[in-house]
Amino acid sequence: MKSTVLVLLFLNLFFHTQGLLPPKFQWKTIDFAWEGNRREAALASGDYIPENNMPAGIARWRDKVFITIPRWKKGVPSSLNYVYLNGSQSQPLNPYPSWNDGFVSEKSHKVTTNSTVVSAFRIYIDKCDRLWAVDNGVADMSRELRQITEPAIVIFDLRKNVLIHRYVIDDEVLRDSTVLTSIVVDVAGKGCEDTFAYIPDMGSNALLVYSLRLKDVWRIENHFFHFDPHEGVYRVGGVDFYWSDGISSAVVIPAKKGSGAPYLYFHPTSSRKLFRMSTKLLRDRNVPLENIFAGVEIVGDRGEKSQATAIDFDHNNNVLFSTQLSKNGVSCWNVDQPLTPEKVPLIISDCTVLEFPNDIKVDHDSNLWILSNRQSRFLYESMDFEQINFRVLTAPTTTIIQGTACEKISSLDRVLSFIKKKDK
C-alpha cells in the first residue's frame, strides 16, 4: 500500500513539473541585444561583465516578458529589460524603453533621462497596462555602493512605451537600512488615476504607501513586518546563509462580495506565516496608529521551511502562489480554505531547474510565471557559467493546481469548510 502511495505521489509531482518543462527561457549568462559595436566597447570599459548579471524579477504583458537585473555588482548595462514571448529560448535582453534610456555606464554619477531605471528588483503590471517599478537608484550594491539617482517610483505606459510619471520618494519615509525590493498596485476607482502602490521596505521593516492621485507617499510600521528569528536559516543550492529580511512581498486580494475594500496579504521573507490587513487602513494616511497595529490579522502558517521571496494571486481560481526557497519550488493555497500546512501543497519542485525561485507572477491570462536564478551561489559562492543558471518557466495556473488541495472548490464544499471552521 505504501509503495502505491509513493508511486502516485511521484507521478503527481512529475506531471506538474513536466507541465512547466522545458523552460520557456534559459541562459548560462545574460546577454543583450546590442546595437552596432556597443558590446565590444562595453566589455572593454567594464560597463558589461556577463558573469555579474543576475535576473531577479519577471512580469508578462502581451508579447513581452519583462526581466529585471538589479545592480548587485559592476557591469550591468541595463536593469529593466524585456524579451519577446515567442522569441528563442536564450534570446538576448532588450533594455526598456530603449537603449538610450536603459543604459547606465560604470562611470555614471547621474541619469540623463527620467526614463532610466538604475536598479529595480521586482515589477508590477496593472490592469491599466502600466508597468510600475521602484528604482533604488544604486549601483554595485554588494561592494562599493554608488547612489546614482534618488529612489523613485516609475510608471510606464506599455501601449506607448513612454514614461508616464516619476515620483522621487521623500527622504522622511526612508531609513539608512531601507531596501525596496517589490511593488504591488491597487487600482481603487473605476478609472486609472485613483491608484495606490504598496512598497515593502524589507530592510527597515515598513510598508510605503503611494497615492497616484495625491502624488504623496507615507510610511507604515508594524511588528508583523519584522522577520521571525527562528526562520532565518537557509540552505539553497548547497549554500548555507542567514537572512533577517522583513516584509518583502505583498499582493492585493479582493474581500468577499459586498464586504468592503480588498486586503493586502503580505509576509516577511524570513517567516512561515502569512498576514493581511484591509487596504482601507492603508489608503488613509491619517488613520490612527493604534488602528494600524490592531488591523493586522494572522492568516495562517505555511509550515516548516516555507520561507518565500515572492507571492502572487490568480483571481480566476482564488489561489495564492508562493516561491519556496528552501524547497526549490512553488506552493499554492486556495484562499477559500483555512491556511494550514496541509492546505499549502508543494506543487512543483526541482533542485536544478528551480534552484532559488526568486520571483513569481500570474499574468492577465492566468498563466503562472516563475524565475529561478541561483542567487545564493551568485551572492555567497561562485557560479559555473558553463551550466544553465537562469530560467523562466510558465504554465496555465489551472494545469498546475489540478489534482491538488488548491483546486477551485464548489459552493457546497465552501459551506462545509466554513461550518467545520466555525465548529472548532
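## Cavities and disulfides in a predicted model

The largest cavity has a volume of about 120 Å³. A cavity here is a set of points, on a 1 Å grid over the protein atoms alone, where a 1.4 Å probe fits but cannot get out, and its lining residues have an atom within 4 Å of a point. Grid points are joined across faces, edges and corners, and a volume is the space filled by probe spheres set on the points.

This is a predicted model, in which local features need pLDDT of at least 70 and side-chain atom pairs count only at pLDDT 80 or more, while totals for chains, interfaces and linings use all residues. Residues are numbered from 1 along each chain as its sequence is written, and side-chain values use heavy atoms, with hydrogens and water left out.

The structure holds two cavities of 30 Å³ or more. Lining the largest are 15 residues, of which I183, S249, A250, I311 and K361 are the closest to its centre. Strand 26 gives the largest share of this lining, three residues; strands (E, at least two residues) and helices (H or I, at least four) are DSSP runs numbered from the N terminus. The second largest cavity, of about 50 Å³, is lined by residues including L274, R302, W333 and C332, and its largest share, three residues, comes from strand 24. By class, its lining has six nonpolar, two polar and one charged residue, whereas that of the largest cavity has nine nonpolar, two polar and four charged. Ala, Val, Leu, Ile, Met, Phe, Trp, Tyr, Cys and Pro count as nonpolar, Asp, Glu, Lys and Arg as charged, and the others, Gly among them, as polar.

C332 also belongs to a disulfide, with C406 as its partner. A disulfide is a pair of cysteine sulfur atoms within 2.5 Å, and the count comes to two.

| Disulfide | S to S distance |
|---|---|
| C128 and C192 | 2.1 Å |
| C332 and C406 | 2.0 Å |

The S-S torsion of C332 and C406 is about 95°, so this disulfide is right-handed. C332 lies in strand 24 and C406 in the loop between helix 7 and helix 8, so the pair ties together parts 74 residues apart in sequence. C332 is buried (under 20% relative accessible area; exposed is over 50%, partly exposed in between, with a 1.4 Å probe and protein chains only), at 1%, and C406 is buried at 0%.

For C128 and C192 the torsion is about -95°, so the disulfide is left-handed. C128 is buried at 8%, whereas C192 is partly exposed at 35%.

Note on methods
On a 1 Å grid over the protein atoms alone, a cavity is a set of points where a 1.4 Å probe fits but cannot get out, and a pocket is an open set with protein on both sides within 12 Å along at least five of seven lines; lining residues have an atom within 4 Å of a point.
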